[in-house]
Amino acid sequence: MGLVMWLRTGLLMAILTGLLMGIGYLFGGPQVAFIMFLFAMLFNFITYWYSDKIVLSWYNARIVDEMEAPELYAIVRNLAERAGLPMPKVAIIPTETPNAFATGRDPKHAVVAVTTGLLKILDRDELEGVIGHELTHIKNRDILIGTVAAAMAGAIMQLAYWARWIAIFGSYDDRDDGGNVLAAILVAVLAPIAAMLIQAAISRSREFLADEGGAKISGKPWALARALMKIEQAVRYRPMREGNPATAHMFIVNPFRGMSIAELFSTHPPTEKRIERLRKIAEEMGYVPNF
């Protein structure tokens with residue numbers, strides 16, 4: 001699994017490099033393409049080492065210690081020990097939309113982030129189920145490809161935004177009609193390309209595997225199922241309005257419901273199917289499902 005994840009990450013970086021070089025060539029020929037190649041190499045380096053910090057900064061997430069969040073910290077520590085993982089850092093995201101994700105390049109440099117909204121609506125058992133889910137992502141090393149993909153897709157989206165402004169301001173100059181057309185084309189294709197990269201790099205089955213792992217680590221599949229129900233319902237009525245849609249795949253439930261562009265980046269299977277699988281896991285563990 002680790003080798004496959006490394007290969008996926010390398011392929012993703014290679015595709016981004018080729019895409020940036022292609023854009024540079026279209027705008028300025030071989031010289032600009034070479035400049036974009038150098039930029040891509042620098043960006044790949046930064047993405048690998050600092051993509052977790054980039055993603056956390058998008059949500060103003062704050063690393064907390066045991067003194068600041070004793071119950072949350074204790075849950076993460078106990079479940080990490082049970083899963084045989086190093087203690088990850090714990091972060092809190094200041095938003096009322098309930099959700100959670102894990103990030104980092106490997107288990108030794110992992111972060112589990114939860115929103116203030118999640119802490120408000122879940123009881124301890126449900127929170128343990130969610131943390132178990134995120135720790136499984138860390139154990140399965142999903143976090144490297146997920147975090148790198150988010151940072152890269154976010155960069156591609158930024159290119160699309162820049163192209164849009166070029167098209168708007170360039171439209172006042174009739175001598176640059178060709179550039180405006182090219183910018184408009186980039187706007188039309190870059191977001192879907194970024195979304196396709198996410199879809200290709202990240203398997204939808206990873207959420208099923210994380211649900212299963214979370215149920216086993218916490219020992220409470222019914223609690224994780226209840227948590228998914230609560231989060232799904234809350235997101236429908238209070239989706240995230242701020243943040244980067246390119247990170248939708250990182251959250252336990254897509255937090256950007258109602259935003260059409262965010263749906264492009266969704267790699268989550270239907271929550272109903274996830275709950276049904278948790279029901280079967282509960283039965284296999286000898287529990288009578290009450291959800």
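**View 1. Surroundings of Leu-118 in the predicted model.** Beyond neighbours within four places in sequence, Leu-118 is in contact (heavy atoms within 4.5 Å) with Pro-98, Asn-99, Ala-100, Leu-127, Val-130 and Ile-231. Residues are numbered from 1 along each chain as its sequence is written, and side-chain values use heavy atoms, without hydrogens and water. In this predicted model, local features need pLDDT of at least 70 and side-chain atom pairs count only at pLDDT 80 or more, whereas totals for chains, interfaces and linings use all residues.

**View 2. The largest nonpolar core.** A nonpolar core is a set of buried (under 20% relative accessible area, 1.4 Å probe, protein chains only) Ala, Val, Leu, Ile, Met, Phe, Trp, Tyr and Cys residues joined through side-chain atoms within 4.5 Å. The largest one has 38 residues, and Leu-72, Leu-118, Val-130, Ile-131, Leu-135 and Ile-138 have the most contacts inside it. Among the elements giving two or more residues to this core are helix H3 (70-83), strand E3 (100-103) and helix H5 (124-139); helices are DSSP runs (H or I) of at least four residues and strands (E) of at least two, numbered from the N terminus. H3 supplies the largest share, seven residues.

**View 3. A second, separate core.** This core of 16 residues includes Leu-16, Tyr-48, Ile-145 and Met-152.

**View 4. Confidence and residues 171-175.** The average pLDDT (the predictor's confidence in each residue, from 0 to 100) is 83 for the protein, and 77% of the residues score at least 70. Over residues 171-175 the pLDDT is below 50, and the stretch has three contacts in the model beyond near neighbours in sequence. Where pLDDT is low, the predicted coordinates should not be read in detail.

Definitions and conventions: Buried < 20%, exposed > 50% of the residue type's maximum accessible area, 1.4 Å probe, protein only.
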